[in-house]
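Me: I've got a model open and would like to learn how to read it. Could you walk me through it, feature by feature?

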Amino acid sequence: MQFKLIRTRKDYHAALAEAERLWDAPAQSEQADQLDVLTLLIADYERAHFAIDDPDPIDFLLHVMEARGLSCKDQEPDPGLLQV
């Protein structure tokens, strides 16, 4: 297989299809090496075309707290653990 930069959406979809074909390649095989290179190319394309901004830290913390059923009180240290 010959590798090239992924420049178009068509190239991107072809690369995804090839990665899926190689997905179950045996470890340390030529196909596994090809998959490693291909995933680097895919990640580079996705980083450039589908970038996701980092979340606001406070919004992220509130989301995690909500998802885990935590309250602000749960974030306070246990007074019994603070004794030196």
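Me: Let's begin with a helix. Which residues of α1 are buried?

Reply: Buried means under 20% relative accessible area, exposed means over 50%, and partly exposed is in between (1.4 Å probe, protein chains only). In α1 the buried ones are D11, Y12, A15, E18, A19 and L22. They sit on the same side of α1, because they cover an arc of only 125° around the axis, an arc taken from the directions from the helix axis to the C-beta atoms. K10, E20 and R21, on the other side of α1, are exposed.

Me: Before we go on, what kind of model is this, and how is it numbered?

Reply: It's a predicted model, in which local features need pLDDT of at least 70 and side-chain atom pairs count only at pLDDT 80 or more, while totals for chains, interfaces and linings use all residues. Residues are numbered from 1 along each chain as its sequence is written, and side-chain values use heavy atoms, with hydrogens and water left out.

Me: What do the buried residues of α1 pack against?

Reply: Think in contacts, meaning heavy atoms within 4.5 Å. The buried residues of α1 pack against α2. For a close-up, take A15: setting aside neighbours within four places in sequence, A15 contacts I6, L38 and I42.

Me: How many helices and strands are there?

Reply: Both are DSSP runs numbered from the N terminus: helices are H or I with at least four residues, strands are E with at least two. This protein has three helices and zero strands.

Me: Which residues make up the largest nonpolar core?

Reply: In soluble globular proteins, nonpolar side chains tend to be buried together. A nonpolar core is a set of buried Ala, Val, Leu, Ile, Met, Phe, Trp, Tyr and Cys residues joined through side-chain atoms within 4.5 Å. Here the largest one has ten residues: I6, Y12, A15, A19, L22, L35, L38, L41, I42 and Y45. The elements giving two or more residues are α1 (9–22) and α2 (30–49), and α2 has the largest share, five.

Me: How many aromatic pairs does a search find?

Reply: A pair of aromatic rings is described by the distance of the centres and the angle of the planes. Rings of Phe, Tyr and Trp (its six-membered ring) pair if their centres lie within 6.5 Å; planes under 30 degrees apart are stacked, over 60 edge-to-face, and the rest tilted. The whole structure has three pairs. Y12 and F50 form a tilted one, 5.6 Å centre to centre with 50° between the planes. Y12 is in helix α1 and F50 in the loop between α2 and α3 (57–67), so this pair ties together parts 38 residues apart in sequence. Y45 and F50 are edge-to-face, because their planes are at 70°, with centres 6.1 Å apart. Y12, Y45 and F50 form one aromatic cluster.
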